[in-house]
Amino acid sequence: MFRQTFPLAILAGLCISIGCIVNLRVGGVAGAVLFAFGLTTVVYYKLKLYTGTAGFIRMRGDWSMLGVVLLGNIVGCLLTALVVCYAQPDIIEPASKLLDGRLAKGPLRCGLLAVGCGFIMTTAVEFARQGKMLPLLLGVPVFILCGFTHSIADAFYFLACPMEQLCQPMVLAVYLSEVLGNFVGCNLYRWVKPRES
């Protein structure tokens, strides 16, 4: 399972990082729309993304796989951040400002905002699995423009920041709250919607 899942998760982290890069460089509505390239690539190649997996796991048996996916996504973001920060150091400043904004909100608010993102991502992926790509293309700019937090995107943004900023204890608290919030949002439909017979 690890050999099959981990490389696909790393590649998914890279794809999301590409969306992050264009969002940092362009910003606004255009940056949010162009970010969608990352998620559409993940879905097209059937890669393993935490927010595209958490809402579809079996409640028994898939927890270790979800952990592998999250770890692989973070590794993909780290590798991309190392390369891009060296080749294009101008992205460090906007990434740093974004992290400052997350820290100002704190773990609770970032976690609550992550619930919205998780719900949108699972909905978008569910539509994409049925061959309907428009919700996927709209879902990404919607969660970005709403200010919702995406744990894998933030993995890239945070890892692109200077080390002294990244090593603050509050960063880990914020990040873990986003991971949990995304998981809750991804599974919201299963917990609220009655099972179809």
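**Helix packing and salt bridges in a predicted model**

Q: Which residues in α7 are buried?
A: In this predicted model, a residue counts as buried when its relative accessible area is under 20%. Helix α7 is mostly covered, with eight of its nine residues buried. The buried residues in α7 are S151, I152, A153, D154, A155, F156, Y157 and F158.

Q: At roughly what angle do the axes of helix α4 and helix α7 cross?
A: Two packed helices are described by the angle between their axes and by the distance between those axes. Residues L70, N73, I74, C77, L78, T80 and A81 of α4 meet I152, A155, F156 and L159 of α7, and the crossing of α4 past α7 is right-handed. The axes of α4 (residues 63-87) and α7 (residues 151-159) come within 9 Å, and the angle at which they cross is roughly 35 degrees.

Q: Is T53 buried or exposed?
A: T53 belongs to helix α3, which spans residues 50-53, and, leaving aside residues up to four places away in sequence, T53 touches K48, M65, L66 and V69. Because its relative accessibility is 10%, T53 counts as buried.

Q: Which parts of the chain does the pair of R25 and D90 link?
A: The side chains of R25 and D90 meet in a salt bridge with an N to O distance of 2.8 Å. This pair links distant parts of the chain, 65 residues apart, namely helix α1 (residues 2-26), which holds R25, and, for D90, the loop between α4 and α5 (92-129).

Q: What separates E93 and K97 in helix α5?
A: The side chains of E93 and K97 form a salt bridge at 3.5 Å, N to O. E93 is exposed, with a relative accessible area of 53%, and K97 is exposed as well, at 55%. Because they are four residues apart in helix α5, the separation of E93 and K97 is about one helical turn.

Q: Which residues do salt bridges that share partners join into one network?
A: The side chains of R102 and E178 meet in a salt bridge of 3.7 Å, N to O. R102 lies in helix α5 and E178 in helix α9 (residues 169-192), so the pair ties together parts that are 76 residues apart in sequence. Both R102 and E178 are buried, and salt bridges with shared partners join into one network R102, D154 and E178.

Q: Which residues make the nonpolar surface patch of about 440 Å²?
A: One member, V142, lies in helix α6 (residues 134-146) and is partly exposed, with a relative accessible area of 39%. The patch, of about 440 Å², is made by M133, L134, L137, L138 and V142.

Technical notes: Residues numbered from 1 in each chain as written. Predicted model: local features only at pLDDT ≥ 70, side-chain atom pairs only at ≥ 80, totals over all residues. Heavy atoms only, no water. Patch = residues over 30% accessible without salt bridge, like charges linked within 9 Å, V, L, I, M, F, W, Y side chains within 5 Å. Areas by Shrake-Rupley, 256 points an atom, 1.4 Å probe, with all protein chains shown as cover. Salt bridge = Lys/Arg side-chain N within 4 Å of Asp/Glu carboxyl O. Helix = DSSP H or I, 4+ residues; strand = E, 2+ residues; numbered from the N terminus. Buried < 20%, exposed > 50% of the residue type's maximum accessible area, 1.4 Å probe, protein only. Axes fitted to C-alpha atoms, helices over the stretch in contact; angles between N-to-C directions. Left-handed = near helix turned anticlockwise from the far one by under 90°. Contact = heavy atoms within 4.5 Å.
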